[in-house]
Amino acid sequence: MAVGSGVPNPLVNESTSQTSVSPPPVAIGRLLKVLGVGFGIAVGVGDAISAGILRTPGEIATRLTVPWLFITVWIGGGLYALVSSFSLAELGAMIPREGGQFVFSRRALGDYAGFVVGWGDWVSTCGATAAISIVFGEYSSRLIPFLAGRAIEAALALVLAITLLQWRGVRSSSRTQNLTSAVKALLFLGVVVMCFIVGGPGRPPAAASAGVPRGLSLLVAMVVATQAVIYTYDGWDGIVYFLEEVRDPGREVPRAMFGSVLSIMAIYVLLNIGLIHLIPPASFAGSDFALGLAAQRIFGPRGVQVVMGVMAISLVSGMSANQLMASRVLFAMGRDGFFSRRTAQVNPGGTPTVALFLSAAVAVAFIATGSFARVIAVAAFFFVANYLLSFLSVFVLRWRQPATPRPYRAWGYPWTTGLALAGSFGFLVAAVAGDTRNSLWALAMLAISYPVYRLSKALRQGMGDRG
C-alpha cells in the first residue's frame, strides 16, 4: 500500500512489543506505486557500474597476472553478490518500506542500529553523488572545449539538472534511470565487442606467469583481489530504497535484485575478458585507467578520449541513482522521527521534494568544499557494517518473527546468509586493517553517535508528549 497522510509507523517488534516513539504524523503526501523490475535492475546497474571499473582491474592485476585467476575473482565477486542478494531479497519482500537498509536494521535490531545505518547511508550516498559528479565534470572539461577548466561548474550543473528532473516526479525519474542505465550497458558491451574485433596479443609474457604467487601468498592475493571486486559490485541492491514505490514487492524485488546482480556480473566479466584479450594483465598492473589502455589499442591515440566519453555518459546514470537513493533514505528517517518530518513531504508526482533538495544541497556542499574524499573513505567502514547488520537482521527476524509473511525466503538459508554474514565480517576486519586511520575516524563517529541518538530520542519523546 502506498504511503498516505497519517499512516502509522508499523515498526513493532513482534517478540518484545516495543514500538518506537514518534511525534504525531504530519501530512506527507503519497508515494506512487509505479516501479517494477525494469527500474530495479536499472537503478542497480546505474549505481554499481561507475568509476570503480576504471581502477579495479589494475589493482587486481598487481596481484594476479594469470588471466584465468584474474577472471576467477570477477566471477567469485559476482557469485558473492548473488549469495548476498538472497538475504536482502527476503528482507525487501518481507518489509516493503522505503529507505533501504535503515529500515531492516531498525526493525530487527532497534532504533539505535537504524539511526547509525540511516545517517551513515545518507551522508555517504550524498558524498558518492558529489564524487561521481566531480569525475563527470573532469571528463567533460577534457572533452568539450567550452568546459575546459570548468570541471566544478559542470559537476554542479549535473546535480542541478538531475535534481530538477527528479523533482518533476517518480515517473520521469524512472524513465531517465532506465534510459541512462540501458545506454550505459550498451556502451560497455560495445567496448567488449570492439575488444574481440581488434584481437589481442595472445599469451601473456612468460615472466608474468613465473611471478604467480603460490600457497598462502596465492590465497591472500585472491582474498584481497576479491575484496576490491566486491566493492566494485556494490550497488546491486538499489531497489531496496524504493520498496513502497514498487508495484508488487513480494514478486518484483527478488527478480529485480537477482537481475541486477546477473546484469552487472555479465558486464564486468565480459569487459574484463575483453580487456585481457587485448592486453596481458601484467601490462596494466597498477594502472588506474586500464580501460584507457585498451581503448588506445582499439581506437589509437584518441582512445583515452573515447573511454572518457563513455564514462561521462555512464556517470549520469550513477549520479541519478545515488540522488534518488539519498532522497529516499532521508524521507524514511524524517517520517520515522530521525530528522525533520518535513523531509517526509511528497509532491503530486511522488517525489519527496524536501528530502531531494536537502540531499542535493549536501552533495553541492561536498563538491564546493572538496570534502567528500574523507566522507567516502570513512563511509567504506559503514558500507561493510551496513551489510553485516542486514544479514544479521535476517537471522534475528527469523527467530523473533517466524510467523511474519515472507513472500520470498532466502535460498539456502541459513548457509547462504551465514556465508554472507561471515564475508561481511571478514571484509570489515580487512577494512580496518587496510585503512586504519579512516577506520578510527569511523569508530569515533560511531562512539559520538550514541549520545546524539539519545538526545534525538529525548527530543522526539518531548514532541510526542506535547502532541
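Modeller: Arg406 has a relative accessible area of 9% and is therefore buried, a term for values under 20%, with exposed meaning over 50% and partly exposed in between, using a 1.4 Å probe and protein chains only. This is a predicted model, in which local features need pLDDT of at least 70 and side-chain atom pairs count only at pLDDT 80 or more, whereas totals for chains, interfaces and linings use all residues. Residues are numbered from 1 along each chain as its sequence is written, and side-chain values use heavy atoms, with hydrogens and water left out.

Biologist: What makes the contact of Arg406 and Glu90 a salt bridge?

Modeller: The term requires a side-chain nitrogen of Lys or Arg within 4 Å of a carboxyl oxygen of Asp or Glu. The N to O value for Arg406 and Glu90 is 3.2 Å, so the pair qualifies as a salt bridge. Arg406 lies in the loop between helix 15 and helix 16 (415-434), Glu90 in helix 3, and 316 residues separate them. Helices here are DSSP runs of H or I with at least four residues, numbered from the N terminus.

Biologist: With which residue does Arg398 form a salt bridge?

Modeller: The partner of Arg398 is Glu90, with the closest N and O atoms 2.7 Å apart. Arg398 belongs to helix 15 (residues 372-400) and Glu90 to helix 3 (residues 67-94), 308 residues apart.

Biologist: Why is Glu90 called buried?

Modeller: Its relative accessibility is 1%, so Glu90 counts as buried. Arg398, at 17%, counts as buried as well.

Biologist: Is Ala365 buried, partly exposed or exposed?

Modeller: Ala365 has 37% relative accessibility and therefore counts as partly exposed. Ala365 lies in helix 14 (residues 353-369).

Biologist: Why is helix 2 described as roughly antiparallel to helix 9?

Modeller: Helix 2 (residues 52-61) and helix 9 (residues 216-233) pack at about 175°, with axes 10 Å apart. Helix 2 is therefore roughly antiparallel to helix 9, since angles over 145 degrees carry that name, those under 35 being roughly parallel, 65 to 115 roughly perpendicular and the rest oblique. Axes are lines fitted to C-alpha atoms, for helices over the stretch in contact, and angles run from 0 to 180 degrees between N-to-C directions.

Biologist: Which residues of helix 2 make the contact with helix 9?

Modeller: Gly52, Ile53, Thr56, Glu59 and Ile60 do so, against Ala225, Ala228, Val229 and Thr232 of helix 9; contact means heavy atoms within 4.5 Å.

Technical notes:
Helix = DSSP H or I, 4+ residues; strand = E, 2+ residues; numbered from the N terminus.
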